[in-house]
Amino acid sequence: MSETGVMERPNDLMGLTPEEYDRAVKILGRQPSLTELGIFSVMWSEHCSYKSSKKWLKTLPTQAKWVICGPGENAGVIDIGDGQAAIFKMESHNHPSFIEPYQGAATGVGGIMRDVFTMGARPIANMNALRFGDPSNPKTRQLVAGVVAGIGGYGNCVGVPTVGGETNFDASYNGNCLVNAMTVGLADANRIFYSAAAGPGNSVVYVGAKTGRDGIHGATMASAEFDEDSEEKRPTVQVGDPFTEKLLIEACLELMATDAIVAIQDMGAAGLTSSSVEMAGKGGLGIELDIDKVPMRESGMSAYEVMLSESQERMLMILKPGREDVAMKIFAKYELDCAVIGKVTTTGKLVVKKNGKVEADMPVEPMVTQSPEYDRPWMKTPARAKLSTDKVPVIEPGKALEALMSSPDLCSRRWIWEQYDHLVRGHTVQRPGGDAAVVRIPGTSKGLAITTDCTPRYVYADPEVGGMQAVAESWRNLTAVGAKPLAITDNMNFGNPERPEIMGQFVGSIAGMRAACIALDYPVVSGNVSLYNETQGQAILPAPAIGGVGLLPDVAKTVGIGFRRAGDAIILIGEGEGWLGASLYVRELCKSDPIAQTVWAPPPVELGWEKRNGGLVRAAIEGELVSACHDISDGGLLVALAEMALAGKLGFDIKTPDEVPAPHAFLFGEDQGRYVLAAADPQPILASAHAVGVTATVLGKVAPQGSLTLDGRVLISLEELRTAHEGWLPAYMSAQKGLPYADVRRRDRAHDP
Amino acid sequence: MKSAVIVFPGSNREQDIADAIERATGKQPLHIWHRDTELPSDVDLVVLPGGFSYGDYLRTGAIAARSPIMSEVKRRAERGTPIIGVCNGFQILCEAGLLPGVLLMNASLKFICRNVSLKVETSQSLFTQRYFTGQVLSVPVAHHEGNYFADPTTLDRLEDRGQVAFRYCDEQGNVTAAANCNGSARNIAGIFNATKNVLGMMPHPENATDPLLGSTDGSGLFAALAEVVA
């Protein structure tokens, strides 16, 4: 180790700023060794340290009486009654997925599952939130194909159902796709495992796959913008092995059923470095590691490489004294490596030795507590004007509906979710395609509802309203299947935080999310931040993706979006003024109109109404008064109704109420806080709506014939609509490389009977 | 009745099928680890569950077919013990030589998870006796390699001897190319061995045994087994 002057810096600071480097020197009292510099670099990367976002994340509400463990552990934990806990988190794998879509997405799924089973939970459901570039961008098709195959390839093999998700397309994602994966697990509330090291002298045990040279500095890569050479970063992407993960889950859960484990932590970003630093840091203790004992895939790896490798499917645990044999026996059964690689110490230091030589000797506490935290300059996103309805072209509603339902953002996602095993484990009560997925909790009558949501175009237009809307829509989607929303995980995807306008988007989104979480009693229990989603100065539409979890005390009472019975009344819950600003109607159908050149204010979220309307809907479902329910979101009322018709294979016959705004605004406005219900008898619902001051309007009836009728005119037949809705994505994905998507759509139409 | 579900490294639908058996019989089957070499003597139904044994590495089912327990499974098959392999279990039975043919990658080259319609080809077996010949069942598939392949002579022999158990069909029971979800030869979704005590099938009847989950069309198969092996 060099003992030269403090101000002398190496040429390559591995992503640290000069100031951060100097801070590391001050902590050590000397220049860092190569291994130590690598450790500082990953621990203080944006990805691991949250240095730009921490200040703002702290303002989010994280408490409720059902929260067992909020942010800070591997995943959030909530109480779901009967001594059971749901453990969940969402995490991004954006940068690796863009570089290598299959492996990037696959290892994203693997990583988030480890975060959940690390805490003692069996993963019971996976979800995702995906955003891709413009369909006409030549790379988009390849990314969609690779990411979907990667998510399926990993989750299907491990045997955790992928029960839902969301997918958007927008040109701002051309250079940075977003792949956010979420896992929900189930544990006994009194058998939750944490990561704080304890018991000096206890063994530090490495289990799982062997360590190789893959993914070295992956966390650093994910903390920088892309440039034109981003393809060259492929070696920083790890390769997943879902088979090993499956064995690791079974082995860990088997070991967790004994009393051998003191603490456990998965090796995710920054591998052995972050897992050992976090365990030691949380326990206020030291850890000494002997690199020679780490199971390695290849020979000649240096301490630096071993500490920074992001090889997948590995865990670190602290065992009680004398219980090593219990672990060895279980891991031998599954033919996984299990090795004592160090011990817990009282020194408060991370000491890494190789061949008896000290490669790193660094105090843990200052590395964690003195990690950089920035109050980055930020600029409030300018307020947008409200789009007045009379400026928006009127399009014949049947034609508008068909075009919207076959647009990239509203067409059927069947092509995607049929590649995911959404049924394994045998508890999937609501499959993909509805408002929220519902899985039964084995051995009980309870169910968990899960959804992922965000509307990036709203967030871009107004970060505060967009952040609020993402939380509210998630709450609404859980409500629409009859669940009580309990808590969220957030996955904050933004551009370069060093730019004040991007930081302003982040700050605004957090403010909106905070307001919604407080109003809806819907705290944040875990999350992840992905910044620098930018290529050559072009930032993504900001996407604070929300993963929501809710509880159904009686899962048999859940309702889906599909109409069930002809003759049922169709009821609109909630009111709106017909808000077309930032709507899909304007974006998809008014492209050549002057209004398309302006970013308009998105629909406001009235949290009081949200809570009141949702409460009414949930009570109606709970009271078994409702046969189908759907929230109104992208595309507005007519799209919601069409989705209910398609899912139920039944038509509808509705009338425009007398006092509505302009008809196109009524049909396609994206006003928030609204639902469509179907009910055999509307009277009890109307009566309770009246009692609590909720606007409820009977629009018409579910129709036996397969047509969608508005004011006595058939808009379109169900089969024509189905062809348009189901056709776009398969046609796009099977088209020749480079073929613009508009051509695909036309070609597909030409094949219609 | 005592049934045993063989668990290979990478099996992932062992609990699904164990639960379906429990729904039909009131009893959870034994879970037998693939390294065991013998089954308890009173086991009268052997189940090879779905999943990704050995991660589907090398070839689906190829490594699991050589697991220690498989010698015992073969002995039981010869002795006439009913054996059912679903999805990966079917692939393992083919690789182990207990059933003819092989499962190739789906014609679409993609994983497929969806409900399909299945035509019961014969009610003349201990597995299908609760159905009527020609009955159409709605049962999910979830696989990447379900494209059944065998040479024409083998296929003819299977047809002649009534060894085809199920075929992919449309909702009306028509066996069409459009209804063939994975490109299987002659739409074959499941087959018996010559003595009809071994059934391999790609679809998952165990995921169609609970009204809450959308279909109970798979229950007949488990009810039949409960009856036969009682």
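pLDDT is the predictor's confidence in each residue, on a scale from 0 to 100. The views below show a predicted model.

View 1. Chain A has a mean pLDDT of 93, and 95% of its residues reach 70 or more. Over residues 1–6 of chain A the pLDDT is below 50, and this stretch has seven contacts in the model beyond near neighbours in sequence. A further stretch, residues 738–753 of chain A, stays under 50. For residues 738–753 the model has 15 contacts beyond four places in sequence. Where pLDDT is low, the predicted coordinates should not be read in detail.

**View 2. The open sheet of seven strands in chain A.** The strand order is β8-β10-β7-β11-β9-β12-β13, with mixed pairing. The edges are formed by β8 (261–266) and β13 (357–363) of chain A, each of which pairs on one side only. From one strand to the next the twist averages 20 degrees.

**View 3. Strand β7 of chain A and the strands it pairs with.** Strand β7(A) covers residues 203–208; six of its six residues are buried, so the strand is largely enclosed by the rest of the structure. Six bridges connect β7(A) with β10(A), and the two run antiparallel. Here Val207(A) stands opposite Met315(A) of β10(A). Strand β11(A), residues 337–345, is also joined to β7(A) by six bridges and runs antiparallel to it. In that pairing Val204(A) is opposite Gly342(A) of β11(A). In a regular strand the side chains alternate between the two faces of the sheet.

**View 4. Surroundings of Val471(A) in the largest nonpolar core.** This core holds 315 residues, of which Val471(A), Leu677(A) and Ile6(B) touch the most other members. Leaving aside residues up to four places away in sequence, Val471(A) touches Ile488(A), Met513(A), Ala516(A), Cys517(A), Leu520(A), Tyr522(A) and Ile546(A). In soluble globular proteins, nonpolar side chains tend to be buried together.

View 5. Ile84(B) is placed opposite Leu199(B) of β11(B).

**View 6. The contact between chain B and chain A.** Chain B contributes 23 residues and chain A contributes 23 residues. On the side of chain B that touches chain A, α1 (14–25), β6 (112–120) and β7 (136–143) of chain B each supply at least two residues. Sorted by class, that side of chain B has eleven nonpolar, six polar and six charged residues.

How values were computed:
Residues numbered from 1 in each chain as written. Chains lettered and ligands numbered in written order. Predicted model: local features only at pLDDT ≥ 70, side-chain atom pairs only at ≥ 80, totals over all residues. Pairing = 2+ DSSP bridges. Helix = DSSP H or I, 4+ residues; strand = E, 2+ residues; numbered from the N terminus. Axes fitted to C-alpha atoms, helices over the stretch in contact; angles between N-to-C directions. Core = buried A, V, L, I, M, F, W, Y, C linked by C-beta atoms within 7 Å. Buried ≥ 20, exposed ≤ 12 C-beta atoms within 10 Å, placed from the backbone. Contact = placed C-beta atoms within 7 Å. Nonpolar A, V, L, I, M, F, W, Y, C, P; charged D, E, K, R; others polar.
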